[in-house]
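Visitor: I would like to learn how to read salt bridges in a model. Can you walk me through a case?

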Amino acid sequence: MILADSFLQSVNTLTQQERGAIMTAMFLYDSDPTHPSLSVHQIDRVADKRFRSVRASSDLRVIVHLLDGQSLVCYAGHHDDAYEWARRRQIVSHPASGSISIVVIPEVVQPPAPQVYRPNPQPTTPLFGHVTDDILLRCGLTPEQLPFVRAVSDEDQLLVLCESLTGEVSELLLNLYGGVLPPLPVVALTHTDPFTHPDTLRRFMTVNSREELEAAMSDSWESWTVFLHPTQRALVNRTFNGPARVAGSAGTGKTVVALHRAVRMARQSPGERVLLTTISDPLARALEQKLTILLASTPHVREQIEVLSIDAVVKQLARRIGVPAALPLDPLLLEKLMFVEQRNVPRFNLEFLLGEWHSVVDAWHIRDWEGYRTFKRLGRMRRLNEAARRDIWQVMERIIAAIGTNGVRTSAMLYSEVTRQIATQPTRYAAVIVDECQDLTPYHLRFLAALMTDRLGGLFFSGDTGQQIFQTPFSWSSVGVDIRGRSSLLKINYRTSHQIRRLADTLLDDEITDVDGNPEARGGTHSVFSGPKPEFIQAPTIIAEAQAVAEWIRQRIGSGIPAHEICIIVRSQSQLARAQAAAQESGTAYVLLDDNVAVPPGKIPLLTMHMAKGLEFRSVVIMACDADVIPDMSRFYSEDTSEIQALNASERQLLYVAMTRARDELVVSSAGLQSEYIVDLDTVAARSKL
């Protein structure tokens, strides 16, 4: 049985009970398509006579299509909706490539309305007036669709049109609007199965068992994991001659590529272990849930893949190789020790010294004056002459000695010891795949390099420099991980609506370059769907803000959006009370999201911006965006202009992460004076008609 992505998308709009009825009907159709209870029949008044209706209940219908002896399962829904869906669609084979796609039949063009005289009429210029038919056809358009494309005169019309086009056609058309010519189509070899064509695989998946069908219908995330864009598939299957990285803005499918890459490496190395890892335990649990969905029908492959946070991997290896146990350093103890020492160097405040310890001395395992004197403090914007470094080093020496006296150890110290010992041992893994790599520390990366030292091309990273919210930038090549020439960029956003993505992108520079000179150009990224424009709530008081947000939530719940698909995000723990007040005012149950990540059904999750990393929701409210909340002014202790600029960029990236958790709807609220970031966003939204 072959499932279209439109079928899985339609199933995910149904209730759990309705999904069960659809699944039962599909099981029966698979075993006996002529069974009387299914009432399989041709649909009247459709352009494509190969569509058939399959009865799942008194009101539910499944639309299937008969093509060359194959049953394509295309749509599921209520009776009238299902029939209307079939009447407006055809299944066609691309004349050049041979790929299979579902196309929307254009509506009949209405005669033009009578012209109304205006003194100074404003002529409209077609967006694609300068483009030849041949170029438009290379985008995958059919000749019947060309007049509709020719009639488009502004970006809003283009986005509406793209919603009725297949995925790659809309992407190529949006790229063409941005100045990028479409490539020549990939031509299928004669007599080959059209369902193996890379473009077809974006829209259709073959299921070979009831277990695979059940897994495909069980969770909405599967549409990310089974329908790969050809660019994504190429990265998954590519053989690299060294460490490689895939980058891209939020929602472009980097995690999907990482998951499929882990599966591919496991399948090509039977009996060997593959490590899929990330920066934190909550993110690792989220990866594990997605991998389980992806490999529901192949448990033997799932058993090959370990999904752990990097910290968990290091602790596991430490126990195995016999690294002596030691208590972790309490952050409060470190702060107390540093507070005592700071009195000896009053020109440096406590926050700066703690930052120097975490980002330089401890992160790079510097243990002598010469190492600190000559260290290039990349990412630490405040310049230090040798005299200043000497004063600071005297403080750091005493901190190192005090840590040893207390019998504790920092994470960096544990990583350094484990890295030193495994460097001479055989690698345990056939490959190591790392998600959210932008937040790795130097000691994380040194450890990963040592872990894969004897496996060329076995180290693969995915991440977005624009979402770097935990770690100061540093040179990867300086710790032996050189990705130059093996860094790829994804441009198609599948998760976030065009309106939200375009607004969030204004928070960041058009191009972000890492310390090693690898650029990540954010221009040219496109979302594959549109949605309502983001909303801004500027309330006079905290109470009024909670009331306004509560009313918005009640409206969402009333429109049928489940509570667990709505979330409230705040800058930090100190603003969670405001989120709780809004949830309580709405009359909806809520949960404070913790490290377990899982959101119980029927409850609105409340979380901080840092906790939101890696998650997604249908509707998102970002509360407490006040002038004294974001940016967090307590971080701006330095008088160094360049360091302040770096902190400002990191605060913007944090807000970017929060905004891009939303798929369809976004609300940003404040009480009293708005954050300067929000004022800028509101202005951009108004000017660009977002």
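Visitor: Is Glu306 buried or exposed?

Guide: First, the ground rules. This is a predicted model, where local features need pLDDT of at least 70, side-chain atom pairs count only at pLDDT 80 or more, and totals for chains, interfaces and linings use all residues. Residues are numbered from 1 along each chain as its sequence is written, and side-chain values use heavy atoms, leaving out hydrogens and water. Now the terms: buried is under 20% relative accessible area, exposed is over 50%, and partly exposed is in between (1.4 Å probe, protein chains only). Glu306 is buried, at 12%.

Visitor: What does Arg273 form with Glu306?

Guide: Side chains of opposite charge can pair when their charged atoms come close. A salt bridge needs a side-chain nitrogen of Lys or Arg within 4 Å of a carboxyl oxygen of Asp or Glu. Arg273 and Glu306 form one, with closest N and O atoms 3.4 Å apart. Arg273 is in strand 10 and Glu306 in strand 11, so the bridge ties together parts 33 residues apart in sequence. Helices (H or I, at least four residues) and strands (E, at least two) are DSSP runs, numbered from the N terminus. Arg273 is partly exposed, at 30%.

Visitor: Which residue pairs with Lys613?

Guide: Asp439, with closest N and O atoms 2.7 Å apart. Lys613 is in the loop between strands 24 and 25, Asp439 in the loop between strand 14 and helix 20, so parts 174 residues apart in sequence are tied together. Lys613 is buried at 4%; Asp439 is buried at 2%.

Visitor: How many salt bridges does the whole structure hold?

Guide: The search finds 24.
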